[in-house]
Amino acid sequence: MKIYTGYYANMKMYREKGLCLIAISLGVPPWAPGLPNMRSLNPLKNMLKMEREEYEPMYNAILKGLDCKELVAKLEVISGGKDVVLLCFEKPTDFCHRQLVAAWLTENGYEAGEFFIAVKLADTRPVKKKPQQMELF
């Protein structure tokens with residue numbers, strides 16, 4: 001099972017890729033009812049208005065209190081062994097707690113990262129050039 005992070009706006013594409021979607025945000029968007037939510041990875045409500053400098057150590061303390069192996073085992077049960085994408089609201093270019101989750105998972109021996117970045121790095125196939133159309137005149 002591979003673990004990715006991503007954001008809600010790309011849910012349709014993640015589903016098309018066969019990924020199991022799991023929320024890690026306090027709430028989920030109205031177009032995603034019934035999405036499983038890994039509550040242990042949710043930030044605390046009071047953290048949502050914090051600056052990154054204050055937020056990051058507080059969220060890392062939450063992660064430190066979790067058993068990574070146990071969490072990954074739960075993800076595997078929820079996903080049925082399929083690759084998962086842990087979802088939140090922020091765009092990949094914006095700071096988000098899912099970046100901290102990916103770093104924590106990686107530090108604990110489980111490779112994780114933003115879906116687009118991980119897929120782009122893994123896609124090392126040579127690009128085939130399209131044949132050029134010859135001119136008739």
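Trainee: Does serine 79 count as buried or exposed, and why?

Mentor: Buried means under 20% relative accessible area, exposed over 50%, partly exposed in between (1.4 Å probe, protein chains only). Serine 79 counts as buried because its relative accessibility is 6%. This is a predicted model: local features need pLDDT of at least 70, side-chain atom pairs count only at pLDDT 80 or more, and totals for chains, interfaces and linings use all residues. Residues are numbered from 1 along each chain as its sequence is written, and side-chain values use heavy atoms, with hydrogens and water left out.

Trainee: Where is serine 79 placed?

Mentor: Helices are DSSP runs of H or I with at least four residues, strands are runs of E with at least two, and both are numbered from the N terminus. Serine 79 is in helix 3, which covers residues 68-79.

Trainee: Which residues of helix 3 are buried?

Mentor: Cys68, Leu71, Val72, Leu75 and Ser79. Lys69 and Val77 are exposed on the face turned away.

Trainee: Which polar atoms lie by the side chain of serine 79?

Mentor: A polar contact pairs N or O atoms within 3.5 Å; within protein, one must be able to donate a hydrogen and the other to accept it, and residues adjacent in sequence count only if both atoms are side-chain atoms. For serine 79, a side-chain polar atom lies 3.2 Å from the backbone nitrogen of glycine 81. The backbone oxygen of lysine 82 lies 3.0 Å from a polar atom of that side chain.

Conventions: Expected span 1.5 Å × (residues − 1).
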